[in-house]
Every structure is written in structure tokens, then in C-alpha cells.
Amino acid sequence: MRITELLTKDTIQLNISSTSKTGVIDELVSVLDKSGKLKDPKEFKQAILNREAQSTTGIGEGIAIPHAKTSAVKSPAIAFGKSAHGVDYESLDGAPAHLFFMIAATEGANQTHLEALSRLSSMLMDSDVRKALVNASSKEEVLEIINVHDREDEEEIPAESSTNVGKVLAVTACPTGIAHTYMAADALKAKAKEIGVNLKVETNGSGGAKNVLTSEEIVNAVAIIVAADTKVEMNRFKGKHVIEVPVAEAIRRPEELLNQAMKQDAPLYKGGERSGETHAGPEKKQKSGFYKHLMNGVSNMLPFVVGGGILIAISFLFGIQSANPDSPEYNEFAAMLMKIGGDNAFYLMVPVLAGFIAMSIADRPGFAPGMIGGLIAATGQSGFLGGIIAGFLAGYVVLGIKRLTNNFPPSLEGIKPVLIYPLLGIFITGFIMLQFLVEPLSAVNTGIQNWLDGLGTGNLILLGLVLGGMMAVDMGGPINKAAFTFGIAMIEGGNLAPHAAIMAGGMVPPLGLAMATTIFKKKFNDNERKAGIAAYFMGASFITEGAIPFAAADPFRVIPSIVTGSAVAGALAMFFGIGLPAPHGGLFVFLVVEGNPFLYLLAVLIGSVITAVMVGLLKKPIK
């Protein structure tokens, strides 16, 4: 099947009017819908957005290829759009996109359709094709350009080397298996031919694996490049030098990857514990040790932080004391929101953090000991820091138990996961937490509070600087909680200024990082930019924990930035003479502050801007 059977005059729009990524998607979906190619345009658009959420399809060089394979498509088709001014499509090279090809594949697309779609993706790697399309002035000219190069592509017969010795192997795969899979393969093959590297590429596309690597080729290979955002059979590469990258990296920097492979500058793949281990894309590549385990805990904790925190914030809309049965403001629905969000979701936050850290270290047997260790940390006032310690402790305790029981008789293998691992893991983790860790961390909290009590009669601006900074040091951990407790105690003693500084400092970390993801987009990946949207709401709701994912991913740049911004906000709140009678924070309490609420808002905004600018200057652009 020729590409021009899928791309027709009806599905070409030469003048894209939108100036945003979502606008371009809407226009091209509308083109496909009007030409009768879609059953359900809303469902198809959602499938396109789901693919974009995995990684941008703006591949650089002015090209974007949004695509989806779904039952919402009536018949396979390609829509083409062109923007003269260019659109910020969050492309890999950061440059505006001018040419857009939206690929619509049916859920049961046949092989001829898939081959035509993959040929289009490969064709766009040719700079001459891209230049001709940019200069095309009519629909007929676009079709002629595609038709000519499609014919050339069919006539080309790739030459395969007859020797397996000294060969670099590669596997390319993307979630949809239509565009990036083949573009990555072509980029690698073209560069290999140019620099004289003996290469074979296996493509794992929608039509299944093609050009599959043989056992003999793998044994004799110099190294293997796995450029994939989806599952790839990996155990076959055990003992070989393997470079694991997202599929887009093979499109962007094929020469660098090939040179790295030729130098064997990659670790030997050790294989998994189970046969058939798979590579699951960039989220799991090149992350090992402390960072990998911590991020596993943080990512699984985040839904509890977001969901619980926003429910708490909504409860305050009914009144600061609306969840207190003894208060005239009491509201039954608000109390229910507080119970769900605070007493349950937030209560589980630290145990979940610890459980998934331990699971990352020791696989499933580490989960229960990690959860119990995290629960002990939470109930023992050890907070976020205690949860991290408990997670790593439980994970490595279970790893130790696994090693000690390696030589058990085969007849006892079945009782290890159901009895030995949970029993010993929970006991040892709990014993160490209770006997050696909880009390010292509580003592640290007490010591901090005593120090703050002594500082309370000193310079108010210095006190605001210290309290504001403390709110950002561990973002909901013991230092944060110590400052918050001190503020509540000051309210009860009739001093309303410290808690105002504390609230301002607590709002800055998520707000500052949210601003940073908006202003410095190239410094953050897709997931971080999405987390930035939630961080706006969390900052406005006084949920400092909204900054945790950013701090965990890049602590040496993020933590100094948020501490500085929070400290400035706290000092300014003191300087402006603001007092806060409410034992909480967020925009909901601005109307009840003592002093000028606009100056209070200014203090928070200045601190947030300082954090955003520092993060933007310190972080490196995402490659």
C-alpha cells in the first residue's frame, strides 16, 4: 500500500492556525473526523494525548508525529498540517515544529497499512523531504513529494553484512509501534553507514518484531543498543554490554550511541531473577541505587499527598475549624473531608513511601516490612525522614534474609515468601525502628522546639527567616513539623506572627517549583511539568509536600532553592507585621490575617519567584 492511499487531499491542512500543541492536535483530529476516518473523535483525541503523556512525539527538526492505534479509528489514515510560524510542541530539540503528521491506525490495522505508516516515519528522517514539504504551496505538491520518495523507498534494497563478528546490535520499540520505532532504526542505520559501523537493528513495531536478532549474532556482538519506551525481551542479552535509552535518544544522537557501543562503554547486562525480564522504557533505565529506590517510593506516595492534601484544603472552605465538633463552624461534610484526607490518606503517606522503597530494593517480599517500618515512623513522629530510613532498612534487611536462606532445601522454597520473609523482615525492621531510631528522631524534634522557644524573644525578622526556611528543609518531615508545632504553640500563647511566617514559608516550595516548571520548561521532563500543575494547587493549599517529588529527583539544586525562597517569605511576613490566628495555611486563611493581606500575598510571591529563578538557573536542561 502506498502512503498516498492514507494521506489524501481531504486530510491535508496547509495552514495550521493554532499556536499551541493542544490546538494543533484539535485541528488535525477535526481534519480526520471531517474526512470520515474516525468513529469517535473524542476517544481518538484522548488516545493521542495518552501517547503524548508517555513522551512527546515532537521528534525535532521541525517535525511532530502524533499517533494512536485505537478502535476509535474507522479506517487508517494520515493527516498532514503545516505551520509557517511554528508551534511549541515540546519537541526533543526545544525548537518549534512546522510539519505535523497525525497517524490514525485502527486497532486491527493490517500489515500493509502498518508498513505504509512506518515508511512515512522513515521518510521524514530525510532532510530533503522535510525541506520540500516546508516549501510546498499546495496539497497536490505535498502528495507528489510523498509519492516520489515513497517510490524511492520501495526500490531501495538495504545491504546486510554477511558477518556477525564485530557487529553492533540494536532494538528499537515505542508504545504504539508505528512512528518512533522505525525512525530510531533508520537514524541508527543511516549513521552506521556513514561512519562505517557494522549494524543490525531489530524493530518491535505494531506488526511484531522484524529483523529479529539471532542467538549467534548476540554472542558475537560488540554491544547492544536498546532504544525503547516499552517492553523488550532482555534476558537474551545477559553478559553483553547493553546501552539502554529511550527510543527518542536513538533519533536524536545515533552517532554518540554507536560510538559508545563500539567502545563497549556500557555495563554488562546481568539479567533478571526471572526468565523473560523486560525493559520498560526510560522510567526504568539508568536509575539505580539510592535514587531508583527513593523515586519508587516517592512516585507511589504522591497520589496520597495530592488526593489527601486537596481534600483537606477543600474542608477549610467551610471554615478553619469546620472539622472540629466543638467549634461553631463545625460542618459534617467538611469533617468527613478532613477525615478522608487527613486521618486516612495523609496517615498512609509515610508507610506507602517506605513500603515502595523497600519493594524497589527487595522486590515484593520487602513491601510488608517496609510498610510496617513506615507506620512505626509515622506514629513515632519521625515523619518523611523516618519513612525513608524505614524503607531502606526494610529493603536491605529482606535482601539479607534472602541471601541467608539461599541454601535452604528445595522443599522449603515455597514457605520463604509466605512465612520466612514477612515474619523475619517485619520483626527485624520493627525492632530496629522501635529500639534505635524512633526516640532519637523524636529527641531531635524536641531539641529543635526548645531552640525555637529561646529564639522567640530575639529578632523577629531572623525568627521569620529561620522558621520559613525550616518549612522547606524536609517538606513535611520532623523539621517542618517542629516549626509548625512551634507556630501553633505561639498562637495559643497569643503571638500570631510566627505562624504567619511559617505558613508563608510552607507555601513557597510547591508554588516556586510550579512557577519554575512553567517558566523554565526545558529544565523539566513531561512528568515534572504535569506535577507542576498540581503543585500550584498544593502550594495555594499550604501542602508543602507537593515539592517532595522535585526535591527527591534533584535534591542538591532544588532544596537550597526552596529553603532560600521560604526563608525570604518568612522574613518578609515578619517585616510586614502579619499575624495569623488560624492554625493552618493557604489562600483560604488570607482573609483572616492580622495586618495587610496583600502584603502577605506579596511576601509569598516574592519567595516563590526567588525559588523559581534559583531552580531555573541551577538545573540543567533535560537532554
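Keep in mind as you read that the model is a predicted one. Side chains of opposite charge can pair when their charged atoms come close.

Begin with glutamate 61 and arginine 130, a salt bridge whose closest N and O atoms are 3.8 Å apart. Glutamate 61 belongs to the loop between strand 2 (58–60) and strand 3 (63–64), while arginine 130 is part of helix 4 (residues 127–135), so this pair ties together parts that are 69 residues apart in sequence. Are the two partners buried or exposed? Glutamate 61 is exposed, because its relative accessible area is 57%, and exposed means over 50%. Arginine 130 has a relative accessible area of 14% and is therefore buried, since the limit for buried is under 20%.

Next, look for arginine 529 and glutamate 90. They form a salt bridge too, with 3.7 Å between the closest N and O atoms. Arginine 529 sits in helix 18 (residues 526–540) and glutamate 90 in the loop between strand 5 and strand 6, so the pair ties together parts that are 439 residues apart in sequence. Arginine 529 is buried, with a relative accessible area of 16%, whereas glutamate 90 counts as partly exposed at 29% relative accessibility.

A further salt bridge joins lysine 619 to aspartate 554, and here the closest N and O atoms are 3.0 Å apart. Lysine 619 lies in the segment after helix 21 (597–618), and aspartate 554 in the loop between helix 19 (548–553) and helix 20 (555–575), so parts that are 65 residues apart in sequence are tied together by this pair. Both lysine 619 and aspartate 554 are buried. Some salt bridges share partners, and in this way Lys21, Glu52, Glu90, Asp526 and Arg529 are joined into one network.

Lysine 21 from that network leads on to the aromatic rings, as its charged end sits over the ring of tyrosine 89, 4.9 Å from the ring's centre. The model has 10 aromatic pairs. One of them is formed by tyrosine 89 and phenylalanine 100, a tilted pair with 5.8 Å from centre to centre and 50° between the planes. Tyrosine 89 is in the loop between strand 5 (77–87) and strand 6 (97–106), and phenylalanine 100 is in strand 6, 11 residues apart.

For a view of the surface, turn to phenylalanine 427 in helix 14 (residues 416–455). Phenylalanine 427 is exposed, with a relative accessible area of 55%. Together with Phe431 and Phe436, Phe427 forms one aromatic cluster. These three are also among the members of a nonpolar patch on the surface, which includes Phe408, Leu412, Ile415 and Val418 as well. The accessible area of the patch is about 990 Å² together.

End the tour with serine 322, found in the loop between helix 10 (289–315) and helix 11 (332–362). Where does the side chain of serine 322 reach? It reaches the backbone oxygen of serine 315, at 2.9 Å. Serine 322 is buried, with a relative accessible area of 1%.

Note on methods:
Residues are numbered from 1 along each chain as its sequence is written. This is a predicted model: local features need pLDDT of at least 70, side-chain atom pairs count only at pLDDT 80 or more; totals for chains, interfaces and linings use all residues. Side-chain values use heavy atoms; hydrogens and water are left out. Rings of Phe, Tyr and Trp (its six-membered ring) pair if their centres lie within 6.5 Å; planes under 30 degrees apart count as stacked, over 60 as edge-to-face and the rest as tilted. Helices (H or I, at least four residues) and strands (E, at least two) are DSSP runs, numbered from the N terminus. A charge sits over a ring if NZ of Lys or CZ of Arg is within 6 Å of the ring centre and within 35 degrees of the ring normal. Patches are made of residues with over 30% relative accessible area and no salt bridge: like charges are joined within 9 Å, nonpolar side chains (Val, Leu, Ile, Met, Phe, Trp, Tyr) within 5 Å. Accessible areas come from the Shrake-Rupley method with a 1.4 Å probe; for residues, only the protein chains shown count as cover. A salt bridge is a side-chain nitrogen of Lys or Arg within 4 Å of a carboxyl oxygen of Asp or Glu. Buried means under 20% relative accessible area, exposed over 50%, partly exposed in between (1.4 Å probe, protein chains only). A polar contact is a pair of N or O atoms within 3.5 Å; within protein, one must be able to donate a hydrogen and the other to accept it, and residues adjacent in sequence count only if both atoms are side-chain atoms.
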